[in-house]
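Thanks for sending this one over. Here are my notes, point by point, for when you have the chain open on your screen.

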Amino acid sequence: MSSPEIASLSWGQMKVKGCSTTYKDCKVWPGGSRTWDWRETGTNHSPGVQPADLEEVVKKGVKTMVIGRGMSEALQVPSSTVDYLKKNGIDVLVLQTEKAVEEYNALAAQGVKVGGVFHSTC
């Protein structure tokens with residue numbers, strides 16, 4: 001199963017190819033996507049992305065995880081989150097969201113089992 005292409009990104013809106021939903025923040029993995037609801041794990045811009053935010057995508061068997069920190073990179077990614085991914089044998093890229101989407105789409109196009117979490121505002 002391949003990772004779906006992110007078809008478009010603009011401030012506060014993301015579209016995933018093959019999905020009718022418009023996301024503000026989203027999670028993607030080989031074969032699917034869904035809204036990334038920060039309330040599920042109590043996530044805030046600081047301390048930022050937690051292992052709990054990534055667990056669902058990790059369980060899908062991804063080899064690479066791309067984290068989009070927002071358009072102005074306001075969303076933090078603590079070293080404990082990066083360590084969690086590395087301990088699970090997953091390569092991690094932490095980038096400004098537009099760059100993150102470019103990298104994610106390039107990896108997906110190459111057939112890499114890539115997953116991602118993307119914040120589309122600040």
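**Notes on the sheet and the salt bridges**

1. Three strands make up an open sheet in the order S1-S2-S3, and their pairing is antiparallel. The edge strands, each pairing on one side only, are S1 (6-10) and S3 (22-23). For the terms: strands (E, at least two residues) and helices (H or I, at least four residues) are DSSP runs numbered from the N terminus, and two strands pair if DSSP finds at least two bridges between them.

2. A word on the basis. This is a predicted model, in which local features need pLDDT of at least 70 and side-chain atom pairs count only at pLDDT 80 or more, while totals for chains, interfaces and linings use all residues. Residues are numbered from 1 along each chain as its sequence is written, and side-chain values use heavy atoms, with hydrogens and water left out.

3. Back to the strands: S1 pairs with S2 (residues 13-16) in the antiparallel sense, over four bridges. Opposite Gln13 in S2 you will find Ser10.

4. What lies across S1 and S2? Helix H3 (residues 97-109) does, and its direction is at about 175° to S1. Here axes are lines fitted to C-alpha atoms, for helices over the stretch in contact (heavy atoms within 4.5 Å), and angles run from 0 to 180 degrees between N-to-C directions.

5. Next, the charged pairs. There are seven salt bridges, taking a salt bridge as a side-chain nitrogen of Lys or Arg within 4 Å of a carboxyl oxygen of Asp or Glu. One of them joins the side chains of Lys27 and Glu56, at 3.2 Å from N to O. Since Lys27 belongs to strand S4 (residues 25-29) and Glu56 to helix H1 (residues 51-58), this pair ties together parts that are 29 residues apart in sequence.

6. Is Lys27 buried or exposed? Lys27 is buried, at 3% relative accessibility, whereas Glu56 is partly exposed at 26%. The classes are: buried under 20% relative accessible area, exposed over 50%, partly exposed in between (1.4 Å probe, protein chains only).

7. Two further pairs are worth a look. Glu40 and Arg34 form a salt bridge with their closest N and O atoms 2.8 Å apart; Glu40 is partly exposed at 46%, and Arg34 is partly exposed at 25%. In the salt bridge between Arg39 and Asp37 the closest N and O atoms are 3.1 Å apart; Arg39 is exposed at 72%, while Asp37 is partly exposed at 22%. Through shared partners, salt bridges link Lys27, Arg34, Glu40 and Glu56 into one network.
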